[in-house]
Amino acid sequence: MIYLDHAATTPVPRAVADEMYRVLTEEYGNPSSQYPLGRQAAAEVARGRQVVARALDCAPEQLRFTSCGTESDNWAISAALHQNRHVGKHIITTAIEHSAVLEPCRRLAQEGYELTVLQPNRRGIITAEQVAQALRPDTALVSMMLVNNELGTVCPVAEVAGLLRGSKSRALLHTDAVQGFLKTEFPLTELGADLISISAHKIGGPKGVGALYLGQRLRNPRPLLPGGGQEGGLRSGTEATAQIAGFAKAVELWQAELPQRLDHMARLRRYAQEQLTAIPGVQLVGDGAAPHVLCVSMEGYPSQNVVEDLGAQGICLSAGSACHKGRPSHVISALNLPKKVAAGVLRFSFGPETTFEEIDAAAAALRRHRETRFPML
Ligand code: PLP
């Protein structure tokens, strides 16, 4: 099996699974219980929070665990709009956001909010200048992702944070950093965003746990889930102790080798770009700068067929976001590419375990596909 779909999800290292097993079987108490077993479970959660908070360079109390990146995105949007309900009902976001941001924004638009959706250029780039032009006194929220999951393009989140500060805007800034977490040398709070969404399963952690960073400008955030008062009273529900411990273990493993991992993935990406674009008819799509995502198109060869053909040979890659399940992706549509280029879009994404030999094998399989299949008319 050659797994080149790390932007969809990542394999869980043995040490992470072992840690989760330990917590599941030994530390199974409810963290709210007032006897040693419960207190030990609470200590696991506290330790996990410290580890993840350290990776973001924030105080543990600024980090709240959620069930996934999607939940973090939804919460960030509702928390910002609730706090800024007296500022206005204008939201700025981008056409290349994940559905976890776009869909809640669309729903809000049906409920009376006004949405400005910034369009990327053909290379998938959105500029801070576009945000500056869209900004209004009644803008309550700017939601701009850090790394696009389909193209690997990087949005100018730090520049936008500076712009909002400089213009004395009251808009809160949210960044969906699900694909950016631990893919940069610097901790993400340096970006200056008020809200940051992350998810464990993109960095070797388990599925079913994410987190939201709530910065200082979030005063008394509205609880997402009122109830028993867990997560500082903001997100009730018995803590997912094993998931949180697995998340923390994955962060520790990743952080211990952060520069090496980023360098390895960036070298793989460059190599894959060289190998793949050497195949006739294959071109780069998007000006991706993230180390782990490479988007290309084999013009005229429908990506769904390629994904199935290579998948049958044990090579896993994506026809775009795994969340789209065969439907044309809104991100690729936003690039306004010629139809045959858009139809042929393939996403290769890499992790620390990926090897150069695996890229050679995938490139050879893609070349064979092109030589043996008929293109679309
Ligand atoms: N945001 C981005 C950019 C993503 O790539 C993903 C997952 O693919 C999500 C949000 C959703 O994260 P989760 O799967 O943890 O809900």
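In this predicted model, the ligand is surrounded by 13 residues, of which the closest are Gly69, Thr70, Asp176, Ser199 and Lys202. By class, the shell around the ligand comprises 7 polar, 3 nonpolar and 3 charged residues. The element that gives the most to this shell is helix α3, spanning residues 69-83, with 3 residues.

| Residue | Ligand atom | Distance |
|---|---|---|
| Ser199 (side-chain N or O) | oxygen | 2.6 Å |
| His201 (polar side-chain atom) | oxygen | 2.9 Å |
| Lys202 (polar side-chain atom) | oxygen | 2.6 Å |

Taken alone, the ligand would expose 390 Å², and 91% of that area is buried by the protein.

Buried positions in α7 are Thr241, Ala242, Ile244, Ala245, Gly246, Phe247, Ala248, Ala250, Val251 and Trp254. The cover over these buried residues includes the helices α1 (14-26), α2 (36-56) and α8 (258-277). It also includes the strands β2 (63-66), β7 (195-199) and β8 (210-214).

Asn148 is located in the loop between β5 (139-143) and α6 (157-166). The side chain of Asn148 reaches the backbone oxygen of Ile96 at a distance of 2.7 Å. When neighbours within four places in sequence are left aside, Asn148 is in contact with Ile96, Thr153 and Val331.

Val293 belongs to strand β10, which runs over residues 293-298. With a relative accessibility of 0%, Val293 is therefore classed as buried. Which residues contact Val293, leaving aside its neighbours within four places in sequence? They are Ala7, Asn149, Glu150, Leu151, Gly152, Arg269, Arg347, Phe348 and Ser349. Along the chain, Val293 and Met1 are 292 residues apart, and their C-alpha atoms are separated by 19 Å.

Note on methods. Residues numbered from 1 in each chain as written. Predicted model: local features only at pLDDT ≥ 70, side-chain atom pairs only at ≥ 80, totals over all residues. Heavy atoms only, no water. Near = heavy atom within 4 Å. Polar contact = N/O pair within 3.5 Å; in protein donor to acceptor, adjacent residues only side chain to side chain. Areas by Shrake-Rupley, 256 points an atom, 1.4 Å probe, with all protein chains shown as cover. Helix = DSSP H or I, 4+ residues; strand = E, 2+ residues; numbered from the N terminus. Nonpolar A, V, L, I, M, F, W, Y, C, P; charged D, E, K, R; others polar. Buried < 20%, exposed > 50% of the residue type's maximum accessible area, 1.4 Å probe, protein only. Contact = heavy atoms within 4.5 Å.
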